[in-house]
Amino acid sequence: MDKLGMQQYYRNRVIGIKNSASVVAVTTLVALILAITLIGSAKPSLAESALVQADNSVISTGIWHENFDEQSLDKWSYILHPQGISIRPKPNPAITSALPQTSTSAMAQDYAALIEITGEQSYLWRGIDALNRVELQHKPAYTREGQTTIVSWQFMLPNLFSDDTHQIAYWESDKTYRQSYRLQLNGARMSLVSNIAKTVVISDQPETQNVQQALWQFDDIKTNVWYTVKLATRWSMNKGHIQVSLDNQQQVDLTLQTLVASNENMFVQLGVLRERSERVESIWLDDVKVSHF
């Protein structure tokens, strides 16, 4: 083959490769359009978004996990009133909520943390009656606009709390110590309240004013039963999201402000925060997982 023939041969090869690439690109585009059409307007959960982003190596710090099997509290960022926290063999590990599709795969840990609170002076933060508390704190590396943090844990009540408000989980800022939102128990009722959002969209309903009342509630918490709670939070000064799941069943999807301020990081506290009471109350905690991306 002469020089001119060689040039023509390689020119045809390049054109063929380009045409093949174009066919692949068009085929891929058609497949993508078809997939989107089949999916329709389905809205992925924050947890599903986390998996997608983690798989594509977008910002992810992995999963922080505490199951108390090491019988230590060293993993926690801060411990408030450690005299009220003890690690003991986990009671009733196989007894879970009667809600459908409850996962029991993570219920077989040997140890759990028992949090007990009294009205003694040593259980008050800075002597303030409104801050009768025993809590464990975890701080993600940072929380900024558009990021997501998912925290899940198990809890069990030996006895129902009184009808007074008991905050069992909340997100708070690290500079001004303002709460974003909290999960609380009043007797057998568990509910979620936002402290900072002015407006809220509840599961695609019309936007409403937030009057700091329950944005979601579940009215049938039972004693001596392990529940699994998951809170998925997308951080934003205006269009954040909170998804609440109870025993792997999504309960509500909220669109609202979740960041206290753009220059403050958030941390989560688990345990009991209540008004001072002489009543001795307790809650078991186990299998705490935090993922942030």
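In this predicted model, a network of salt bridges links Arg274, Arg279 and Glu281.

The structure holds eight salt bridges. Another of them pairs Arg276 with Asp129, whose closest N and O atoms are 3.2 Å apart. This pair connects distant parts of the chain, 147 residues apart: Arg276 belongs to the loop between strand 16 and strand 17 (281-292), whereas Asp129 belongs to the loop between strand 4 (111-117) and strand 5. Arg276 is partly exposed, since its relative accessible area is 32%, and Asp129 is also partly exposed, at 41%; both values lie between the limits of 20% and 50%.

A further salt bridge is formed by Lys239 and Glu207, with 4.0 Å between the closest N and O atoms. Lys239 is found in the loop between strand 13 (227-234) and strand 14 (240-246), and Glu207 in the loop between strand 10 (199-202) and strand 11 (208-209), so the bridge ties together parts that are 32 residues apart in sequence. Glu207 is partly exposed, with a relative accessible area of 48%.

Strand 16 also takes part in the second largest pocket, to whose lining this strand gives the most, with three residues. The strands that each supply at least two lining residues are strand 2 (78-80), strand 5 (132-138), strand 7 (166-173) and strand 16 (266-274). The pocket has a volume of about 340 Å³. Its lining comprises 15 residues, and those nearest the centre are Trp125, Arg133, Glu172, Tyr177 and Phe267. By residue class, the lining divides into eight nonpolar, three polar and four charged residues.

These features are set within a protein whose secondary structure comes to two helices and 17 strands. Among contacts between residues at least 6 apart in sequence, 70% join residues at least 24 apart. Of the 293 residues, 46% count as buried. The accessible surface comes to about 15,100 Å², and carbon and sulfur atoms account for 53% of this area.

How values were computed: Residues are numbered from 1 along each chain as its sequence is written. This is a predicted model: local features need pLDDT of at least 70, side-chain atom pairs count only at pLDDT 80 or more; totals for chains, interfaces and linings use all residues. Side-chain values use heavy atoms; hydrogens and water are left out. On a 1 Å grid over the protein atoms alone, a cavity is a set of points where a 1.4 Å probe fits but cannot get out, and a pocket is an open set with protein on both sides within 12 Å along at least five of seven lines; lining residues have an atom within 4 Å of a point. Grid points are joined across faces, edges and corners, and a volume is the space filled by probe spheres set on the points. Helices (H or I, at least four residues) and strands (E, at least two) are DSSP runs, numbered from the N terminus. Ala, Val, Leu, Ile, Met, Phe, Trp, Tyr, Cys and Pro count as nonpolar, Asp, Glu, Lys and Arg as charged, and the others, Gly among them, as polar. Buried means under 20% relative accessible area, exposed over 50%, partly exposed in between (1.4 Å probe, protein chains only). Contact means heavy atoms within 4.5 Å. Accessible areas come from the Shrake-Rupley method with a 1.4 Å probe; for residues, only the protein chains shown count as cover. A salt bridge is a side-chain nitrogen of Lys or Arg within 4 Å of a carboxyl oxygen of Asp or Glu.
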